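Here is a walk through one protein model. Start with the whole chain, then follow the strands into their sheet.

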Amino acid sequence: MRTAPPPLRLSAVGLEAPETKSTKVMETRICRIWPLSTPDIVHYLKMSWDEDLGNGFTITLCNGELAWSGKVSSDQITIEANEAEMDREKYVEDLRRALTMQDEKTKNYSFDFIKDSERGVFQFSYDKVSQDISFKLGSVELQAVSDSTEVISELINLVLHRNAELRGKNDYLQQENKRLLSERNNSLEEPSIHSLSEEGSQPETSPISFAPDAAA
């Protein structure tokens, strides 16, 4: 009898593959970008890598109808870091910020997606922008994906999984806030209860009377 594979597990950093002895942890991020050549068309950028982004990654780009995909190797990352005259570790961190776009409104990075008609491939480039001056971070050749509907379906599933994870975290935080608020209110009420209890337990004192002065 065939056994079902273990379910996907979401982590704080993205979507992880099932934990088995033979699989590595896969991280996946999805964001929206607007290429310079088509600023009115939103593209969905999916970036995936195994354990360490510096070991290479896969990029998938989708405009809602068509999809393209390509890979960047560890050697290519090293070459592009040298071309940018950057420390490799710092370059990889710049790649992470640029290609995961944690803040889509940031103006620190720009993207373009142009078809190379002679070679039949698409060139996807990503630049860093600083004080209105941009310099190339890197680029990757993308090939058209034969079944774009599969890519679109995967993107939707990843987003739904992420939303479910965020809702779960939000519910947990709300419960924790209620618990902490209840504990705080209880701690504020206890001193008042103790104070009333102490007042009620104090012995009654009778007024002191003085005997009349004999000389009077």
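Of the 216 residues in the protein chain, 29% are buried, meaning under 20% relative accessible area with a 1.4 Å probe, protein chains only. This is a predicted model, where local features need pLDDT of at least 70, side-chain atom pairs count only at pLDDT 80 or more, and totals for chains, interfaces and linings use all residues. Residues are numbered from 1 along each chain as its sequence is written, and side-chain values use heavy atoms, without hydrogens and water.

The accessible surface of the protein chain is about 15300 Å², by the Shrake-Rupley method with a 1.4 Å probe. Carbon and sulfur atoms hold 52% of that surface.

Now the elements. The protein chain has 3 helices and 9 strands. Helices are DSSP runs of H or I with at least four residues, strands are runs of E with at least two, and both are numbered from the N terminus. Along the sequence the pattern reads β-β-β-β-β-β-α-α-β-β-β-α.

Which order do the strands take in the open sheet of 7 strands? The order is 3-4-5-6-9-8-7, with antiparallel pairing. Strand 3 (26–33) and strand 7 (109–116) are the edges, each pairing on one side only. Pairing takes at least two DSSP bridges between two strands. Neighbouring strands are turned by 25 degrees on average, direction ignored, with axes fitted to C-alpha atoms.

Look inside the sheet. Strand 5 (residues 56–62) and strand 6 (residues 67–73) are antiparallel over 7 bridges. Phe 57 has Val 72 of strand 6 as its bridge partner.

Helix 1 (residues 74–83) lies across strand 5, strand 6, strand 8 (121–130) and strand 9 (133–144). Helix 1 runs at about 75 degrees to strand 6, on a scale from 0 to 180 degrees between N-to-C directions, with the helix axis fitted over the stretch in contact (heavy atoms within 4.5 Å).

Technical notes: Buried < 20%, exposed > 50% of the residue type's maximum accessible area, 1.4 Å probe, protein only.
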